[in-house]
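Visitor: I would like a close look at a single part of this structure, please. Take your time, and show me how that part sits in the whole.

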Amino acid sequence: MESSKYARLSTIDELMKMSKDKEVSRRSFVKYAAGAVVAVGVAGAAGYYLASQPAPPSPTVTQTLTQTIAPTATATSAPKPAMLDHYQWFFGPEIVKKTLDRFTADTGIKTNQHVSPRNGYEAGMMTKIMGGAEVDTMEVGIGYRDSWFNAGWLLSLEGLPGVDQVKNEMFPSVRDFYLSKNGELMAMPYYLAGWFPYYNKRMVAELGAEPAKDRNEVYEQCKAAKKKWNLLSPYHSCYLEATEWLWEQYIVELGLMPFDKDNKPLFEGDPRNAEALKWMKTMFDEKLMSPSIFTDGWDVQSLNFAKGNTIYMDTHQYMAEPVNRSMTGDVPEKGNMTLVPKPYGGNDSRIVTQGEWMAICKSTHSKEWAWELLKYLSWKDPSGKYALLKDWGVTGLLEPYPEFFNDPDVKKNFDEWNPGVGFEGYRKYFDGMMMVPYWQLRPWFAEFSEVAKETVQKYVLGQVSLSDLEKTMGDKAREVTTG
Amino acid sequence: MKAETLGWLLVLPAVLFVLALGLFPTAYALLLAFSKTDLNGAQTFVGLSNFAKIMRDPDFLNSIPLTFGFAAMTVTGATLVGLAMALVANQQFRGKTIVRSILGIPWATSWVAVGVMWAFTFDLNHGYINSLLSQLGLIASNINFLSVETALPAVSVAGVWLLSSFTAVFVLASLQTIDPAYYEAAKIDGAGALHRLRHITLPIVQPVLNFTVLSNLMVSLTMFDIVYVMTKGGPGTATLVLSMDAYRVFFQFMSMGEGAAITLVMAAISMMVGIPYLTIFYRRVYR
C-alpha cells in the first residue's frame, strides 16, 4: 500500500515538476491536440455510420399481448410496435395521458409521452427531428405544418382507413384547414379557435349600449368606457404573439384578403388596408389600447378583462373560460366576458379560423398504429366515441366536427362558462361565419408573418408611414412567395 | 509510461469532451452558414451568400448596436451592483451567513423564470413597481416600462439582477482572502474608506472582477432567454438583439444558413470583444 502511494506521489511530483520546469512545448501541444481531433473524427465517423444504418425492426408484442388484453375493433392488422412516442407541448398533459393510457389498455401498445414548454416547442421539435429522434405522433403549431409536410417530416394520411370519413364529418367551412391544395389530409385536428370578438356585458349595459356591430362602434364604446371608468386598456388583444393575425382579422372583416389564392399580395394600395391600420393606430394613440399591448402576453390580456380594465377584446375562445369560470373568487368580471353575436362588419364578414394539428412523423415505428393512436387523440376511439376531444371541450377548445357540437357533455360545459350565449353561439359561427386563412397555411407564411408583425407594430408606434409599411410588407411577400 | 504522456492521457477525456461539445457544433454551424440547407436535408454550397443576405437585412444591422447597448448596460450594472452587494455582505453583522447564502439565488434561478418574474414586475397594469410607485404617490399614471424607448434598459435590469449575483459571489470570495491587517495599517496611516477601497480592495479583487466582467460580457452578448420571455424582440424591433434575430431566422423563417451565419457573427463579436479584453487585463495583472 505504502509503496504504491509513494509511487503515485512520485508521479504527481514529477508532473508538478514538469509543469514548473518544463512548459508544455507548442510542438507537443499540437501533436496531442491533433491526435485528439483525429480521435474525435474517427469516433464521430463511426457513430455517424452506426446511426445511419437502418434500425432493427421494433420487437412486436402481438403474441403476448393478445393473450392478456381484450381484442379491440382497431382497423389495422399491421405488426404492433412495442412503443409509440407522442410529442406535445405543455397543455393538458394529464388529459392526454389519460387518452394514451386508454389506447395502451385497448391495444397493448405502450406509449411514451414527451412534453415540452409551448414556447420554443417547434424549435425543439425541429432539432429533434433533424437529430433523428423517434417520433410517432406530434402536435404541430401554426406556421410549421406545410413546411414540415413538404420536407417529408410529416406523413400524408391519405389512404389510411377512415380518412375519408374524417374528412366528410368536418364542417365544410373549416375542412380546408386540414387539407393540402390537392385535397390531401396532411394532419388531424388538435383544436380549432378563432379571433372571436368579446365584450364585457356589464360595462356595455352600464354604458347604455348594445354590443358593437363594427370597429367604429368598438372605438366609440371604448372611448366612452375610458372616460367613464378611467380605463388603461379599454380594448385588448394579444399583440405580443398575434399583431399580424389581428391585422388580418381586421382587413378580412372589411372584405379584403391579404393574398389571393396564387399568393399575390392584395393589401397594397387598398383603402380597406389603410382603414384597418388607421383604426389600430387611432386606438393606440388615443390610449384605447394598453400602451404595453405589444409586450402583453395572453395572461395579461385575460387579467385585464377579468379585472374590468377592458371592455372589448378579440381572442381565442379558450381565453374566456378562465375569466368566466374562475375558481379563485377574485375575478370581478366573472361571467361577463360575452361573445359578440356576429363578426364585426356586416353580413359577409368572417372570423379567421386558427388552430393546430396532430400529425404522424416520418420516423414513426408504424404508420398504421400511429394512425390508430391519432384517431384516439383527434377523432374517435374504436367504439365510435370522441376520446380526447370531449376532454378538450371542457378546457374551451373547439373541434371541426358538427357532432362535437351536439355532445351533451361538451354543450353543458360550454354553456356553463358562456352564460346567455352558450355553445350555440359558437356553433353559429361555424355554420358559415368562419373562414380558413389559406395564406396562413402556406410554407412561406411564417417568414412573412414575422416581418408583418414588426412592421405593423412600427406603424402603430409611429415609426413607419403607411406607404413604407405597404412597401416593406409587399416586398417581403413577393420575396417569400417567389422563393 | 513517460510522465508527459501520462499527463496528456489524464487530460484527454476533458479535451475530447470539449472538442465534442465545442468543435462539432462550430463545424456544423460553419457548414450551415456556407450552405443552403433545406429541411429535408438537401445541402448546396453557396459561399458567402448567407452572409451577404444578412448584411442587407435592416433588422440584423439594427440588432448589432442593440446587442452592444444591452451588453454595455448589463455588464456595467452587474459589475457595480455585484461589487456593492459583495462589499456589504463582507461586513460583520448579525445574519451575515443568511445574506451571503441569498446572494447566489438569482444566479441559481432559471433564466426563463427570471424573465417571467421581471415581465410581471414591470407590467403596466398589474406590476409591482407601478403599484409601489402609485401607492407612494410618486406617479400620477402608470409607466409603461416596456415601451420602445425603455424596453431595452428594462430587459437589461433583469439581466443585471441575474448577473450581479454571479459577480457578488465571486467578489465576496475574493474579499474574504484579504488580510484585515492591510486595512488596519491603512487606517493608522489615515486612509479613509474610499482610499481603502481604491488602493486595497479593488487592486486585490481586480483579477476576479476581470473574470466576472468577461464572463458577464459573453453572456450578455448572447442573452436570449430573458429577452424572449419578456418582449420577444419587441415592441417593433426595440429589443431584437442578435440572439433573438438568429432564433427567428433559423427557427421561424427556417432559413438555417442565414441563422447559422448570424450565430457565427455573434461568435466573432464575442471573440473580438473578449480576446483583447483578456489580453489587456491579464497582462496588466500578471506582468
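Is Trp89(A) buried or exposed, and how many other C-beta atoms lie within 10 Å?

Guide: Happy to walk through it with you. Please keep in mind that this is a predicted model.

Trp89(A) is buried, because 22 other C-beta atoms are found within 10 Å, and 20 or more is the cut-off for that class. The residue belongs to strand 1 of chain A, which covers residues 83-89. Leaving aside residues up to four places away in sequence, Trp89(A) touches Ser116(A), Pro117(A), Arg118(A), Tyr121(A) and Glu139(A).

Chain A contains 20 helices and ten strands, and 45% of its 483 residues are buried. Among its contacts with a separation of 6 or more, 72% join residues 24 or more positions apart. The chain is divided into domain 1, made of 62-191 + 354-412, and domain 2, made of 196-315 + 444-481. Taken over C-alpha atoms, the centres of these two domains of chain A are separated by 33 Å.

Helix 19 (residues 445-460) and helix 20 (residues 466-481) of chain A pack at an angle of about 175 degrees, and their axes are 10 Å apart. An angle over 145 degrees counts as roughly antiparallel, so helix 19 of chain A is roughly antiparallel to helix 20 of chain A. On the helix 19 side, the contact is made by Glu447(A), Phe448(A), Val451(A), Ala452(A), Thr455(A), Val456(A) and Tyr459(A). Helix 20 answers with Leu466(A), Leu469(A), Thr472(A), Met473(A), Lys476(A), Ala477(A) and Val480(A). Sorted by class, this contact has ten nonpolar, two polar and two charged residues.

Chain A also has a partner to meet. The contact between the chains takes 39 residues from chain A and 36 residues from chain B. On the chain B side, helix 1 (3-33) and helix 12 (242-252) each supply at least two residues, and helix 1 of chain B gives the most, with twelve residues. The chain B residues that touch chain A divide into 19 nonpolar, twelve polar and five charged.

Chain B itself has 13 helices and two strands, and its C-alpha atoms fill a box of roughly 75 × 75 × 30 Å along the principal axes. Of its 287 residues, 36% are buried. Residues 24 or more positions apart account for 74% of the chain B contacts with a separation of 6 or more.

A word on confidence before you go. The model scores ipTM 0.79 and pTM 0.81. Chain B averages a pLDDT of 92, with 99% of the residues at 70 or above. Chain A averages 85, and 84% of its residues score at least 70. Over residues 1-24 of chain A the pLDDT is below 50, and this stretch has nine contacts beyond near neighbours in sequence. Residues 47-73 of chain A also stay under 50, with 20 contacts beyond four places in sequence. Where pLDDT is low, the predicted coordinates should not be read in detail.

Notes. Residues numbered from 1 in each chain as written. Chains lettered and ligands numbered in written order. Predicted model: local features only at pLDDT ≥ 70, side-chain atom pairs only at ≥ 80, totals over all residues. Axes fitted to C-alpha atoms, helices over the stretch in contact; angles between N-to-C directions. Helix = DSSP H or I, 4+ residues; strand = E, 2+ residues; numbered from the N terminus. Parallel < 35°, antiparallel > 145°, perpendicular 65-115°, else oblique. Contact = placed C-beta atoms within 7 Å. Nonpolar A, V, L, I, M, F, W, Y, C, P; charged D, E, K, R; others polar. Domains from an automatic or database assignment. pLDDT = per-residue confidence, 0-100. Buried ≥ 20, exposed ≤ 12 C-beta atoms within 10 Å, placed from the backbone.
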